[in-house]
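Please look over the chain shown below before reading on.

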Amino acid sequence: MENVTKKIDEVEEEARGIAKELKDLETKKADIRIQLLDKGADQRYWEDILRDVEEKEKYLRKEKQNLRKKEEDLRKEKHDLRKEKQGRLMKEEINHGIQWMETPLDASELGYEENRKLFSVDRSIMNWNPGTAGKVVLYCRDGFNEQMDFLEEKVCKEGYMGWILGPPGTGKTTTTICFILSKSIEEGWCVMFVRLWKWGIVSCIQVVDGQTEVSCFVGRLRAGGA
């Protein structure tokens, strides 16, 4: 990729040189036309000079067009090389960089309590750092139960595609995790939960039959030059 980047720089430099030559030719053509207005000047001489300048201008404009096409091809090649590199890095990370961790969960202490006023969930599922087990009790606001009912009735039973919208910190992710966890405990669901963190890390969490949390973290793939 460094070689392609160097070629792009060379093409851009050449294009700037041609642009400067074209600008100089425009100035020269203006001077020649002034001479052609002078009746005492050698008209044929200045017409020949103008013709030569216009021929050179035509050639340079064609070269500029060819350079533009060459630059486009090089940039496409660079894009393809970057995409290929990202794919290779992703495969390497998948094959060598992912560490799956298993954390046992106590299903007897997870789920609704106190007539749907509280919901217990394992800390390791809520925490970005996997493997930290322990019970956390959440107070169920009206919105929490409404979202849980929406996921149960509309999404699961009626088959709608569900969207939970709202500003940060309103419990969208927490509610969804709790819903998936409750289904894993009550009905034996096996769901993979993928979460994209703002600092670029991707976490994958899967709860198997409410008994075991299987999780992994994938570091951000940095795009850029080789």
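**Briefing on the predicted chain**

Q147 lies in helix 4 (residues 142-157), where helices (H or I, at least four residues) and strands (E, at least two) are DSSP runs numbered from the N terminus. This is a predicted model, in which local features need pLDDT of at least 70 and side-chain atom pairs count only at pLDDT 80 or more, while totals for chains, interfaces and linings use all residues. Residues are numbered from 1 along each chain as its sequence is written, and side-chain values use heavy atoms, with hydrogens and water left out.

**Surroundings of Q147**

- Q147 is buried, with a relative accessible area of 18%; buried means under 20% relative accessible area, exposed over 50%, and partly exposed in between, with a 1.4 Å probe and protein chains only.
- Not counting residues up to four places away in sequence, Q147 touches I164, G171, K172 and T175, contact meaning heavy atoms within 4.5 Å.
- With T175, the side chain of Q147 also makes a side-chain polar contact at 3.1 Å (a pair of N or O atoms within 3.5 Å; within protein, one must be able to donate a hydrogen and the other to accept it, and residues adjacent in sequence count only if both atoms are side-chain atoms).

- Three strands form an open sheet in the order 2-3-4, with antiparallel pairing; two strands pair if DSSP finds at least two bridges between them.
- Strand 2 (111-113) and strand 4 (135-139) stand at the edges with a single partner strand each, so one side of each is left without a neighbour in the sheet.
- Strand 2 is joined to the antiparallel strand 3 (residues 118-122) by 3 bridges, and Y112 stands opposite F119 in strand 3.

**Nonpolar cores**

- The largest nonpolar core has 12 residues, including V4, I18, L60 and L74; such a core is a set of buried Ala, Val, Leu, Ile, Met, Phe, Trp, Tyr and Cys residues joined through side-chain atoms within 4.5 Å.
- Helix 1 (2-37) and helix 2 (43-97) each supply at least two residues of this core, and the largest share, 7 residues, comes from helix 1.
- Leaving aside neighbours within four places in sequence, I18 is in contact with L60, E63, K64 and L67.

**The chain as a whole**

- The chain has 5 helices and 7 strands, which follow the pattern α-α-β-β-β-α-β-α-α-β-β-β along the sequence.
- Of the 226 residues of the chain, 28% count as buried.
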